[in-house]
Amino acid sequence: MHLAFEWPKDLQPPLPGQFFTFLPSMVESSAGIILRRPLAFAGFEPKKNTANSSASLSAIAHSIYQIRGPCTKALALQQAGSYIDIIASLGNSFPYPDREEKVIIAGGGIGIGPMLFLAASLAENIAIPEDHIENILKPLESSRSSKEMKLIFGFRSMPLVPSFKEATGNNSIAKTWERLLSGAFIATDDGSKGFHGTVLDALEFLKKTDKLARFWHVYGCGPEAMIAKLAAFAKRNSFPAHLSAEQWMACGIGACQGCVLPARTGGYLRVCSDGPVFEANAIDWEACL
Amino acid sequence: MANPVGVASGIFGYGEEYEELVNIDELGALYTKTVTLEPREGNPAPRLVETPMGLKFHRSS
């Protein structure tokens with residue numbers, strides 16, 4: 001599902017990796033839901049001036065989500081134009097790669113949302129026109145650019161591979177997502193689409209076939225098991241890596257200490273305010289499983 | 001007490017986390033999370049359980 005909402009003029013735009021929480025006030029009170037729900041940003045469109053100089057299109061923030069429980073189910077039933085109570089932007093963001101670093105962007109399931117945002121931002125940051133995004137996704141063997149970016153997205157099965165052709169709101173973000181998705185290396189656990197295997201299997205495959213040179217900066221978001229394996233993969237290959245974690249949250253701003261993960265150096269780090277993006281070695285991912 | 005409203009220990013942390021959202025000087029009282037002389041590691045996740053009657057936290061040990 002796709003959620004798009006108007007962004008206030010006086011608020012800093014969100015960054016890839018950051019998230020927001022929404023108050024699920026649309027859920028029946030009998031459901032016993034009291035906590036706000038976190039969702040990651042999947043894109044941002046700045047304010048645009050229209051041909052009519054007196055009018056302009058507001059900035060729009062985007063998120064994608066799966067219907068998993070009563071809150072996301074109720075959110076999906078909201079009509080266009082509804083009001084929703086949101087706190088944003090929360091958490092830290094993915095650090096941009098060094099100028100010479102090549103980039104692997106790995107996403108699993110609905111974890112592709114923030115990775116699409118990161119990929120689109122990197123494409124803009126390196127000043128490539130939007131309609132040329134596919135050029136930086138060209139096959140690795142033919143690319144010598146220092147600005148290379150490889151997207152690897154994994155899903156359980158083909159029906160879970162999203163299509164953004166019918167995404168609501170401004171269509172340009174959906175076009176960007178579609179373009180990024182069409183340039184991505186797709187893996188499915190059951191082999192029903194693309195590569196047969198997990199994101200990690202795909203990475204190992206690319207590594208074995210010598211399509212991954214050294215000095216890749218790994219970015220990832222997805223299920224815990226994938227993140228743990230991605231951290232181990234990056235460590236084995238001495239790749240720098242920044243991974244986004246997911247955890248049950250209450251406050252979302254660092255106060256309740258509820259969403260912790262075990263730090264490699266002992267103690268705990270809060271996903272909402274110390275993260276959600278962590279340098280791969282900062283967290284004992286294996287202990288999270 | 002000028003303001004009878006205080007925030008309970010638990011999800012209001014130590015107050016500073018909410019500085020951007022709330023003027024904590026307007027509160028009558030602020031009950032912090034537990035403070036100990038020596039650092040304690042705390043409990044592993046999951047620490048939260050949402051229930052219809054409120055939020056349950058693992059007690060820090």
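## Two loop residues with positive phi

Gln257(A) sits in the loop that links strand 14 and strand 15 of chain A. The model is predicted. Gln257(A) is not a glycine, yet its phi is positive, at about 60 degrees. Most residues other than glycine have a negative phi. Gln257(A) counts as buried because it has 24 C-beta neighbours inside 10 Å; the cut-off for buried is 20 or more.

Ser238(A) also has a positive phi, near 55 degrees, and is a residue other than glycine. This serine lies in the loop between helix 5 and strand 14 (241-244) of chain A. Is Ser238(A) buried or exposed? Ser238(A) has 8 C-beta neighbours inside 10 Å, so it counts as exposed. The cut-off for exposed is 12 or fewer.

## Cis peptide bonds

Most peptide bonds are trans. In chain A, the bond joining Ala88(A) and Ser89(A) is cis, with omega about -15 degrees. Ser89(A) belongs to strand 8 (residues 86-90) of chain A.

Chain B has a cis bond from Ala45(B) to Pro46(B), where omega is near 0 degrees. Pro46(B) is found in a loop of chain B, between strand 2 (29-30) and strand 3 (48-51).

## Chain A overall

Six helices and 17 strands make up the secondary structure of chain A. The chain has 289 residues, and 45% of them are buried. Take the contacts in chain A between residues at least 6 apart in sequence: 64% of these join residues at least 24 apart.

## Helix 4 and helix 5

Two packed helices are described by the angle between their axes and the distance between the axes. For helix 4 (residues 199-208) and helix 5 (residues 224-236) of chain A, the axes come within 9 Å and cross at roughly 20 degrees. Helix 4 of chain A is therefore roughly parallel to helix 5 of chain A, since angles under 35 degrees count as such.

Which residues of helix 4 of chain A meet helix 5 of chain A? They are Val199(A), Leu200(A) and Leu203(A). Their partners in helix 5 are Met226(A), Lys229(A), Leu230(A) and Phe233(A). By type, the residues of this contact are six nonpolar, no polar and one charged.

Helix 4 of chain A has these buried residues: Val199(A), Leu200(A), Ala202(A) and Leu203(A). They lie on the same side of the helix, because they cover an arc of only 160 degrees around the axis. Their cover includes helix 5 and strand 9 (102-108), strand 10 (149-155), strand 11 (185-188) and strand 12 (195-196) of chain A.

## Chain A against chain B

The contact between the chains takes 18 residues from chain A and 20 residues from chain B. On the chain A side, strand 15 (residues 260-262) brings the largest share, three residues. That side divides into 12 nonpolar, six polar and no charged residues.

Notes:
Residues are numbered from 1 along each chain as its sequence is written. Chains are lettered from A and ligands numbered from 1 in the order in which they are written. This is a predicted model: local features need pLDDT of at least 70, side-chain atom pairs count only at pLDDT 80 or more; totals for chains, interfaces and linings use all residues. Axes are lines fitted to C-alpha atoms, for helices over the stretch in contact, and angles run from 0 to 180 degrees between N-to-C directions. Helices (H or I, at least four residues) and strands (E, at least two) are DSSP runs, numbered from the N terminus. Angles under 35 degrees count as roughly parallel, over 145 as roughly antiparallel, 65 to 115 as roughly perpendicular and the rest as oblique. Two residues are in contact if their C-beta atoms, placed from the backbone, lie within 7 Å. Ala, Val, Leu, Ile, Met, Phe, Trp, Tyr, Cys and Pro count as nonpolar, Asp, Glu, Lys and Arg as charged, and the others, Gly among them, as polar. The arc is that of the directions from the helix axis to the C-beta atoms.
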